[in-house]
Structures are given as C-alpha cells and as structure tokens.
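Here is a short report on one protein chain. Look at the sequence and the 3D view, then read on.

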Amino acid sequence: MLVELLGLRKLVGPVAVLGLLVTLYLNFMHWNEEVVVLDPIYNDMFVVNKMTMVFNAIILSLAVFLVFMGANFYKDEKKHWSDYLSIYIFAVCGAILMIGSHHLLMTFIGIEILSVSLYVLAGSNRTKVESNEAGMKYFIMGAFASGILLFGMALLFGATGTLHYQKLNTFLLAFNNSTPNTGFLYTGMVLILIGFFFKISAAPFHFWSPDVYQGSPSIVTAFMATIAKIAAVTSLYLLLNQVFVALHELYDILLILICIATICIGNILAIVQTNFKRMMAYSGISHAGFMILGILAVDFNHWHVIAYYTMGYGFANLVGFGVAIPVFKSMKNENVAAFNGLFFKRPILAVALTIALLSMASIPPLAGFWGKYYILSAALSKDLLLIVIIAIINTVLSVYFYFRIFVAMYARKPDNTPIEVSSSYKFLLIILTLILLVISLMPDMIAGCI
C-alpha cells in the first residue's frame, strides 16, 4: 500500500513477492531448535515449532504463486492491484495466526482476519451480480458461523475458566462427568466444531461453498480452495490434538458421521455439475472429508501425513485454477465446455490441467494418490475399515467427473476462439506443475524431511 502511495505502481507485485519470500525464509529460522520460546512476545498465545513452520511454508509458497497469478488476473485493473494484493496478504496473515495459535482468542482473531478478507474479495467484482451475491452470501453465512464459534468458546470458558490450549488440555485430562458445568463444556465443544466444519466446507455445513466458488472471481476461488481450506483444516487438527484429545471418544462418532457425509455428498453432487468452479467446490468438499478422516486417524506424532496431503491438494488445485483462469477469460464461459479442444489450442495448458486433475482423482503415482494412501493406511490401523471402504468407492466415483474435463480437452472439437496466455504465465504454470510432480514422485523423501 505504501508503494502505491509513492506512485511506484510497477513495484507493487515485486514488493509483495519479496515480502512473502523473506517471511518464508524467516519462518525457518528456528528449524534446528528443539524448543522455540516466544513467551515474552506473545504471552504464550502463539507457538512456533517444526509443524507450524511446515504448514506456514505451504501457505506462504501458495501465496507467492497466487501473487504471480493475480498479477495476470488483475492486469486490466492496475489502479486497484495494490488494494487487492493488500487484502490477499492480510488474509495470509490470518491463516498463519490460525496455524500458530495456542489460545482460542488468537484462533478466533486469525479466523476473522482470513474470513473478512475473503468476504471482501468474493464480492470484489462490482460489475458482476454473481460476485456481489457470492460476497453477500459468504458474509451472512460466515457471520453466523463465526457467532456460533464464538458462542462455543464462551461456553467453554465458562466451564473451564481458560481458553489457553495447554491449560484446557490439562483441565480436560482431569475431567469427568461429575465435574461442574459439564453441559457447558460439551455444548461449547460441539459449537466450536460446527464453526470449523463451516470453514472447511464439511457437510452438512457446505451449502455456501458451491455458490461462493462460482460467483467469486476465479483467483479468489483459487485462494479459498487452497490457502483458506488448508489453514482451517490445520487449525482444527491442532485444536483437536492439543485441546480436546482427552474427549476424543465423545467427538469421534461426530467426526465419523461428518466425514462419511462430506465424502459422499461432495463426490455425488460433483457428478452433475456443468460449471467447472462448482465442480471444483464439490471436489473440495470431498477432499475436506478425507482431511477429516486424516484428523480422525493420524495422531499428533504423525502430523506429516496431513502436511503431505494438504501440500499435494494445494498445488494440484493451484495448477487447476491456474489453467482455468485464462481459459475462462478468453472463452467468456466457466462451464466444462470452455475446455473443448484445449489440447489442440494450448497443449501446455491441457497437459498441466491433466496432471492436476489426475492428482485430485488419486491416480498413481501422483501426490493425490500418495496422500490418500497415507491417510487410508492410518485409518485402517485405527480399525476404521467401513470408512476406508466408503472412501475408496468414492475415490473411484470421482474419476468420472474429472474424466469429463479430459474428454472436453482431448476429444471435443475446438472452436475458433483463441486463448490468450503470455509466455511468463505459461512459465509459471510449468513451474507449478513441476513442483506438483516433485511432490508426487518423492513422497517418502518429502514426508521424511518434514
């Protein structure tokens, strides 16, 4: 924003990228330290360890590439580029607060920073009714979800007298049904979970997702599908493992039901979608179900399984939307038919999208396959055989709606509308695709490093 005020508009993007890269470097400053002490600065409300560093690195890496994609997306709105970019970076700050939070108030602040930024971005296309509608729907439903989440935190505080993760965990480990305010505690926990289920688009709290994905500008949809979802899933994983782990027998059945419903609803409804962004919304809902299964099955000592899944999911989605953005802009159409004959027009784009969708469809040896393999293996070790069977059936089912895109790209005749893509943007997509391939072809090495 300062660079814009100084009239140096061409430096807005480079300054943002440089800032994110410096942040990424500073993120790993304490990598070799066993314990990172931040008490004097954050009063023990924010923690830094290897796990938070890895998830922060995933968020920041995706953010860097989203800035490059945004520079191309907003090239016709250069006078507002600094405004959009400031809000994107503000949202990234919220995601990082959610991941490193060690106190429920800090978690709530991170959620609201991320959410309010996305409300604005979803409705940022003022000339498009769908964008205005998406922003309003997201704002109203998100405000209700935030209210439910905050009410749950208030009840939890009333029952325990604290919102600090460590103190809550200590209280709950000594908890029994004769403890006063049991009803407050249980109700508070359920309301907090409902708030998080909304943020990650888990069924039956997913209804906002397809409409908001479809109506929002495509670059905003890409942000929601990657950074926002990863931050919410990671925050929920940390909350359940650091706070509510002593009550897992109480919430496990709820997570199991939500997991099954989310996987099934996401895949079944994706089949009937003709709009690409709505299809990706339901695909994201299905993947949210697998992430919940990971939360159920993966203990705190094996967090790298969740990290690998979110990494592969994030980069596959980014490649997918990276290809879709120039196609939608040129074709003036966001339906599956917009990809007709893409291979004959822009083979690089078609190949990149093919690799991304194959990964999301869990075709070996791509990252989506290995991510689901790790999670399903963990689920089997926890005797969750029924969910594993349902998950495998739905994975096979998901191939159908991804296959429709392949048919459109390779088997449909192209029309005469050219798809305009700059050389720098093609290079960006190639880099993103190569990163996805590296993640795919070296799963054990990457999981071992983190």
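Where is P364 found? P364 sits in the loop between helix 16 (347–360) and helix 17 (367–381). Helices here are DSSP runs (H or I, at least four residues), and strands are DSSP runs too (E, at least two), both numbered from the N terminus.

The model is predicted: local features need pLDDT of at least 70, side-chain atom pairs count only at pLDDT 80 or more, and totals for chains, interfaces and linings use all residues. Residues are numbered from 1 along each chain as its sequence is written, and side-chain values use heavy atoms, with hydrogens and water left out.

P364 is partly exposed, with a relative accessible area of 48%. H164 is 200 residues from P364 along the chain, and their C-alpha atoms are separated by 42 Å.

Most residues other than glycine have a negative phi, and most peptide bonds are trans. The bond from P364 to P365 is cis, with omega near 5°. P365 also belongs to the loop between helix 16 and helix 17. Another cis peptide bond joins A203 and P204, and its omega is about 0°. P204 is in the loop between helix 9 (182–199) and helix 10 (208–215).

## Two residues with positive phi

S201 has a phi near 65°, a positive value in a residue other than glycine. S201 lies in the loop between helix 9 and helix 10. At 1% relative accessibility, S201 counts as buried.

K332 has a positive phi as well, near 55°, and is not glycine. K332 is in the loop between helix 14 and helix 15. K332 is exposed, with a relative accessible area of 71%.

## Salt bridges

Side chains of opposite charge can pair when their charged atoms come close. A salt bridge is a side-chain nitrogen of Lys or Arg within 4 Å of a carboxyl oxygen of Asp or Glu. How many salt bridges does a search of the whole structure find? The search finds six.

| Pair | Closest N to O distance |
|---|---|
| E334 and K128 | 3.8 Å |
| E334 and K277 | 3.3 Å |

Start with E334 and K128, which form a salt bridge. E334 lies in the loop between helix 14 (304–331) and helix 15 (342–345), and K128 in the loop between helix 6 (104–122) and helix 7 (129–160), so the pair ties together parts that are 206 residues apart in sequence. E334 counts as buried, at 19% relative accessibility. K128 counts as partly exposed, at 25%.

E334 also forms a salt bridge with K277. K277 is in helix 13 (residues 276–297) and E334 is in the loop between helix 14 and helix 15, so this pair ties together parts that are 57 residues apart in sequence. Both E334 and K277 are buried.

D415 is in the loop between helix 18 (385–411) and helix 19 (423–441), while K345 is in helix 15, so the link spans distant parts of the chain, 70 residues apart. D415 counts as partly exposed at 38% relative accessibility. K345 counts as partly exposed at 22%.

There is also a network of salt bridges, which links E133, K137, D211 and R278.

## How helices pass each other

Two packed helices are described by the angle between their axes and the distance between the axes. Axes are lines fitted to C-alpha atoms, for helices over the stretch in contact, and angles run from 0 to 180 degrees between N-to-C directions.

The axes of helix 5 (residues 81–100) and helix 11 (residues 218–242) come within 8 Å and cross at roughly 15°. That makes helix 5 roughly parallel to helix 11. Angles under 35 degrees count as roughly parallel, over 145 as roughly antiparallel, 65 to 115 as roughly perpendicular and the rest as oblique.The axes of helix 4 (residues 50–73) and helix 19 come within 11 Å and cross at roughly 155°. Helix 4 and helix 19 are therefore roughly antiparallel to each other.

Conventions
Buried < 20%, exposed > 50% of the residue type's maximum accessible area, 1.4 Å probe, protein only.
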